[in-house]
Amino acid sequence: METYPVEWISLTPAEEMAEREYDVLIAGSGAGGAAVLRRLAEQWGGSGRKIGMLEAGDLLLPTHAQNLPTVTADRVVSELFARMSTPLGDRLPDYPDAKLTFGLGGRTLFWTGGTPRMPACETADWPLSRQELDTYYGLAEQAMHVTDGFAAGSALQTLLLSRLRENGFPQAADLPMAVRLDAARSGMLSAGSLFSSIDHLAYAQYRLPFDLAARARVTEVLLEGGRAAGVKAVCGGRAHVIHARTVVLAAGGFITPQILLQSGVPGAAIGRYLTNHSTVRATGRLLGTAAAGPPEGPAVIQLPQTAEAPYQLQLFGPAPHYAYPPEHPAPRGKAVDVQMNGFARVESRPENRIYLDPLQLDEDGVPLLQVAFSRCERDLEAIERTAQTLRRTADALGLSLEEADGASPPRTLPPGDDNHEACTCRMGRHPDNSAADPYGQIHGVPGLYVADNSMLPSIGAANPTLTTAALAFRTADYIAERDNG
Ligand SMILES: Cc1cc2nc3c(=O)[nH]c(=O)nc-3n(C[C@H](O)[C@H](O)[C@H](O)COP(=O)(O)OP(=O)(O)OC[C@H]3O[C@@H](n4cnc5c(N)ncnc54)[C@H](O)[C@@H]3O)c2cc1C
């Protein structure tokens, strides 16, 4: 039987890339790396500039898993993501639910698409003005098709929102989702309702063709005269040196600092300030009346973080089918389950960190990463307040909380379950407490940037990806501006 190449996107072998010189080389094709690529292609379209992207993983899926007609929301996490990610927890006692995903598109192939902005109370100390951040939020929302309209107006959404607002939660709102509501229109056909960074790669490809190598793992950044000069990448067991004037690391909150530490890039804050969310979770059950069943979904709702409330609550219903393919029968029953996810804010502290284990090397000779992480008093207080609010919310909604594994709800999940590890190369003004400058450029190393969750100064209680995309767009603009000038 023949086997056929599965290149639904053009690939360039790493050895060919080693013969070229790039204006910009991007490591990683997830939420951050693909956003940089998209924005540079938009700025530089037709200019003949050369961009290369190196992706450690393979071509896993051509779109978000949930855009496939055979896949439902619950299968994405329980089966596909479980199989297409590597659990690290056995080696990381402080971070037992850590996982890595290697593949074109990164974790945006599996994410839920929740895209709230960070509240102003969280970003007040960030090294850019809120006005500028809001401008980039607008650009990222447009590029990722962020909408409040995914569930707006459904019977379940309307009922839950009105019960919340009438019973002490006036701030309850539609959760913004990165979902294309117009998947087919005026000659345009799209296989992608739910955003993945493959959409960014496609956008870039039509404006400024770029070289992409898959299964090409960046292991080191190369510096010449103190500035970025390229990377070392391992592909099929062979190491290649690929030259570039600008290097953008976007390999995620764990691997980006690992590459920098392995490369000996100086910076006291590299790998430090590991920040995430403490997940507090429960399932609430809403019964229908004798006359009618429960209202039909979907419902996706948020109670946002505020200056007084260091947490965000998100509701998804009916669980697990708040989103399902058109071919799947509509979920109906005597009761509706609502998944309640609380994200409690975690302090950014230098002692929570990624570091290299000098005694354990992987197959490419790179030291394995290790994590030191603990929850401080304020983190524990935030967890307690999140759990209290989750219970009060359930009361306001008339939901009965379901026991999970014999424990009374809600449950606080171990570090790593959120998949939101961030801030390990955070941006800031001073090298003592930040790895990168306010544009994501590593302090003191011209031409070397980070552009993924690691660059966030803090993450508050909001899901991080929209903010990472917004800041990655801004980093791309900064790179383009300096290069043009
Ligand atoms: C089930 C699930 C649900 C989620 N839901 C949400 C949500 O609703 N909202 C939200 O904001 N976030 C959500 N997230 C988190 C979201 O996916 C991440 O915040 C986001 O993808 C992080 O972007 P990133 O660029 O930092 O990393 P990633 O998207 O993980 O991308 C990193 C990329 O780098 C590649 N790579 C790694 N090492 C190397 C190397 N050495 N060389 C080259 N390439 C490398 C990887 O293969 C990958 O492509 C969810 C995640 C999961 C798993």
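Which helix gives the most residues to the shell around the ligand? Helix 8 does, with four residues. The model is predicted; local features need pLDDT of at least 70, side-chain atom pairs count only at pLDDT 80 or more, and totals for chains, interfaces and linings use all residues. Numbering starts from 1 along each chain as its sequence is written.

**View 1. Shell around the ligand.** Gly28, Gly30, Gly106, Asn463 and Thr465 come nearest among the 40 residues around the ligand (near: C-beta atom, placed from the backbone, within 6 Å). Two or more residues each come from helix 2 (31-44), helix 3 (73-83), strand 11 (216-224), helix 8 (252-262) and helix 10. Helices (H or I, at least four residues) and strands (E, at least two) are DSSP runs, numbered from the N terminus. The shell has 15 nonpolar, 21 polar and four charged residues (nonpolar: Ala, Val, Leu, Ile, Met, Phe, Trp, Tyr, Cys and Pro; charged: Asp, Glu, Lys and Arg; polar: the others, Gly among them).

**View 2. Helix 5 against helix 10.** Helix 5 (residues 130-143) packs on helix 10 (residues 465-484) at about 105 degrees, with axes 8 Å apart (axes: lines fitted to C-alpha atoms, for helices over the stretch in contact; angles: 0 to 180 degrees between N-to-C directions). The two helices are therefore roughly perpendicular (65 to 115 degrees; under 35 is roughly parallel, over 145 roughly antiparallel, the rest oblique). Leu133, Tyr136, Tyr137, Leu139, Ala140 and Glu141 of helix 5 meet Leu466, Ala469, Ala470, Leu471, Phe473 and Arg474 of helix 10 (contact: C-beta atoms, placed from the backbone, within 7 Å). Of these contact residues, 10 are nonpolar, none polar and two charged.

Key
Two residues are in contact if their C-beta atoms, placed from the backbone, lie within 7 Å.
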